[in-house]
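Here is my note for your first look at this model. Please keep the structure open and find each residue as you read.

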Amino acid sequence: MQRDTVLIIGANGQIGTALLPLLQDQFGTDNVIASDLQKPDHATGPFEVLDATNPDALTDLVRRHKVTQIYHLAAVLSAKGESDPLWAWDLNMKALLNVLEVSRLQQLRKVFVPSSIAVFGDDALRNNTPQNSVLKPSTVYGISKVAAENWLAYYHKRYGLDVRSLRYPGVISYQSMPGGGTTDYAVAIFHEAIQGHAFDCFLAEDTRLPMIYMDDALRATMELMNAPEDSISVRTSYNLAGMSFTPAELTAAIQRYLPELTVNYKPDFRQAIAESWPMSIDDSVARRDWGWQPGFDLSRMTEEMINQLSVVYQPA
Ligand code: AKB
């Protein structure tokens, strides 16, 4: 059996931080190279400072460590991207094309590149959004993910590169904060609630969005990456669903544990982004192809977040 060496690009981000220990369990700590723009204070296992937009640096790293798989998690997200669209496009596309080209040239075995519900926009059904929908995104992040999905399919078809992808909904986790997304409110509210603070929500109370708990997002990622190659029928990106809720429903779920929580609704520019996205996702193709089943609904996720963050914010 071939021994894999895995590279995570964007290891300091919300998903990278939580995925690293799982990949270390599967492949062995020394066989997982974490990389990002800065070395964190407490790196567990090998870490490389990497700017993924630099093709020579990426090639050198892949060769030195004999990397066989890449998880490319670095991207500018939906809300942040809108502050400088050309910068976001440039960064997202440069890093993606470097990853694909280096993976092709160095003959990597597998590559994971996430996509997002941000690929959908006007003209897609907002309820139970189907796998094959019209993709007219409202943000530069969404445009870059639609382009990315098509590049993934192209590299698979033209070069046989085994590249796999999921359209993540908003990911909810306690391990680290997301940065620059439209779904970030659903993480930030827990941190404020647990500290006894009022929460200013940048979305209106009835804005329904698809979300997923980190454990489910990671399990989906591992299940997709470990699925037999011939079971993968989607080479753009799979729809993936966990749960769907509004800020008002999330507030009520948290208030079952922290009844004193108050929320002030102050919708800003992110409201229009959220309103262009699905309210719920049809992930039947992922269920059929590689057996996807979510494990966390709103109440189980809320209980888990409160339990985990109670430990993080425990008084010393
Ligand atoms: C964002 O809000 O931009 C991300 C996403 C849904 O991809 N969390």
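This is a predicted model: local features need pLDDT of at least 70, side-chain atom pairs count only at pLDDT 80 or more; totals for chains, interfaces and linings use all residues.

The points below cover helix packing, salt bridges, backbone angles and a surface patch.

1. Helices H2 and H4. Start with helix H2, residues 55–64, and helix H4, residues 85–105. They pack at an angle of about 40 degrees, and their axes are 10 Å apart. That makes H2 oblique to H4. Their crossing is right-handed.

2. Helices H6 and H8. Next, look at helix H6 (residues 185–194) and helix H8 (residues 247–255). Here the angle is about 30 degrees, with the axes 11 Å apart. Angles under 35 degrees count as roughly parallel, so H6 and H8 are roughly parallel to each other. The crossing of H6 and H8 is right-handed.

3. Salt bridge count. The model has 16 salt bridges.

4. Glu48 and Arg64. The closest N and O atoms of this salt bridge are 2.9 Å apart. The pair links distant parts of the chain, 16 residues apart: Glu48 sits in strand S3 (residues 47–49), Arg64 in helix H2. Are the two partners buried or exposed? Glu48 is buried, with a relative accessible area of 17%. Arg64 counts as partly exposed, at 46%.

5. Arg164 and Asp162. Their side chains form a salt bridge, at 2.9 Å from N to O. Buried means under 20% relative accessible area. Arg164 is at 2%, so it counts as buried. Asp162 is at 5%, so it is buried too.

6. Lys266 and Asp200. In this salt bridge the closest N and O atoms are 3.3 Å apart. Asp200 counts as partly exposed, at 41% relative accessibility.

7. A network. Salt bridges with shared partners join Glu48, Asp60 and Arg64 into one network.

8. Most residues other than glycine have a negative phi. Gln107 is exposed, with a relative accessible area of 68%. Asp123 also has a positive phi, near 90 degrees. Asp123 lies in the loop between strand S6 (115–116) and H5, and counts as exposed at 53%.

9. Surface patch. Trp151, Tyr154 and Tyr159 form a nonpolar patch on the surface. Together they have about 270 Å² of accessible area. Tyr154 belongs to helix H5, residues 140–159. Tyr154 is partly exposed, at 35% relative accessible area.

Technical notes:
Residues are numbered from 1 along each chain as its sequence is written. Side-chain values use heavy atoms; hydrogens and water are left out. Patches are made of residues with over 30% relative accessible area and no salt bridge: like charges are joined within 9 Å, nonpolar side chains (Val, Leu, Ile, Met, Phe, Trp, Tyr) within 5 Å. Accessible areas come from the Shrake-Rupley method with a 1.4 Å probe; for residues, only the protein chains shown count as cover. A salt bridge is a side-chain nitrogen of Lys or Arg within 4 Å of a carboxyl oxygen of Asp or Glu. Helices (H or I, at least four residues) and strands (E, at least two) are DSSP runs, numbered from the N terminus. Buried means under 20% relative accessible area, exposed over 50%, partly exposed in between (1.4 Å probe, protein chains only). Axes are lines fitted to C-alpha atoms, for helices over the stretch in contact, and angles run from 0 to 180 degrees between N-to-C directions. Angles under 35 degrees count as roughly parallel, over 145 as roughly antiparallel, 65 to 115 as roughly perpendicular and the rest as oblique. A crossing is left-handed if the near helix is turned anticlockwise from the far one by less than a right angle, and right-handed if clockwise.
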